[in-house]
Amino acid sequence: MADTETHLIEGLRQRSPKAQQETLELYGRNVWAQVVRIVSCTEDAEEVYQDVFVKAFNNIDRYDGEKSSFKTWLLRIAYNESVSFLRYSKTKTISLDDYGNDTDNISEEEVERIIGRPDNESIQTLRSAIHQLTPEEQTLITMFYYDNLSINEISFVTESNPSTIGSKLSRTRKKLCTIIKKLQS
């Protein structure tokens with residue numbers, strides 16, 4: 001852990017307002033990006049964002065630098081708070097069952113072709129498709145593609161096994177591909 005991060009965490013443990021402000025300045029953008037990708041309504045995202053930092057500041061003694069970086073720990077809290085919020089809200093998502101077995105027929109090559117490197121025209125379609133995924137699926141896709149987190153880092157954030165994350169990510173990518181194909185037809 002870097003000296004700056006160690007100093008910051010020590011300040012948070014002492015409930016220093018200056019350390020809290022520094023945390024917001026250093027990590028606020030990352031946390032906001034994580035929250036707003038999962039909770040698309042700005043007002044709701046603002047509420048969740050505040051809850052993330054309140055929870056982090058109140059539970060700073062639970063942070064273990066041996067298990068993760070401070071940023072990853074904050075993203076875990078953001079993930080949990082965002083998904084919890086969506087579970088209790090009435091958000092329309094599409095179940096994999098809505099598409100039958102269509103996703104079984106999609107190869108990894110087709111997934112890469114459709115969502116691997118979208119051009120400017122297909123980015124809006126991709127965003128529309130992502131919003132039709134469940135909160136957990138949205139989070140997997142955004143952490144992998146937007147935040148460039150590894151499967152191991154995603155496993156830590158979601159408290160899951162890396163092989164489970166790999167399988168879920170593969171299924172979600174195929175589902176996303178199927179949704180995009182339906183949107184384009």
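This is a predicted model: local features need pLDDT of at least 70, side-chain atom pairs count only at pLDDT 80 or more; totals for chains, interfaces and linings use all residues.
Biologist: Let's start with α4 and α7. At what angle do their axes cross?

Modeller: Roughly 150°, and the axes come within 10 Å. Angles over 145 degrees count as roughly antiparallel, so α4 is roughly antiparallel to α7. The crossing is right-handed.

Biologist: Which residues make that contact?

Modeller: On α4 (residues 70-88), look at Tyr79, Val83, Leu86 and Arg87. Across from them, α7 (residues 135-146) brings Pro135, Glu136, Thr139 and Met143. Sorted by class, that gives five nonpolar, one polar and two charged residues.

Biologist: And α2 with α3: how do I read that pair?

Modeller: Go the same way, angle before residues. Helix α2 (residues 17-38) and helix α3 (residues 42-58) have axes that cross at roughly 135° and come within 10 Å. That angle makes α2 oblique to α3. This crossing is right-handed.

Biologist: What does the contact of α2 with α3 have, by class?

Modeller: Twelve nonpolar, four polar and one charged residues.

Biologist: Now the largest pocket. Which residues lie nearest its centre?

Modeller: Arg62, Trp73, Arg76, Ile77 and Asn80, out of 13 lining residues. The pocket's volume is about 270 Å³.

Biologist: Which helix gives the largest share of the lining?

Modeller: Helix α4 again, with five residues. By class, the lining of this pocket has seven charged, three polar and three nonpolar residues.

Conventions
Residues are numbered from 1 along each chain as its sequence is written. Side-chain values use heavy atoms; hydrogens and water are left out. On a 1 Å grid over the protein atoms alone, a cavity is a set of points where a 1.4 Å probe fits but cannot get out, and a pocket is an open set with protein on both sides within 12 Å along at least five of seven lines; lining residues have an atom within 4 Å of a point. Grid points are joined across faces, edges and corners, and a volume is the space filled by probe spheres set on the points. Helices (H or I, at least four residues) and strands (E, at least two) are DSSP runs, numbered from the N terminus. Ala, Val, Leu, Ile, Met, Phe, Trp, Tyr, Cys and Pro count as nonpolar, Asp, Glu, Lys and Arg as charged, and the others, Gly among them, as polar. Axes are lines fitted to C-alpha atoms, for helices over the stretch in contact, and angles run from 0 to 180 degrees between N-to-C directions. Angles under 35 degrees count as roughly parallel, over 145 as roughly antiparallel, 65 to 115 as roughly perpendicular and the rest as oblique. A crossing is left-handed if the near helix is turned anticlockwise from the far one by less than a right angle, and right-handed if clockwise. Contact means heavy atoms within 4.5 Å.
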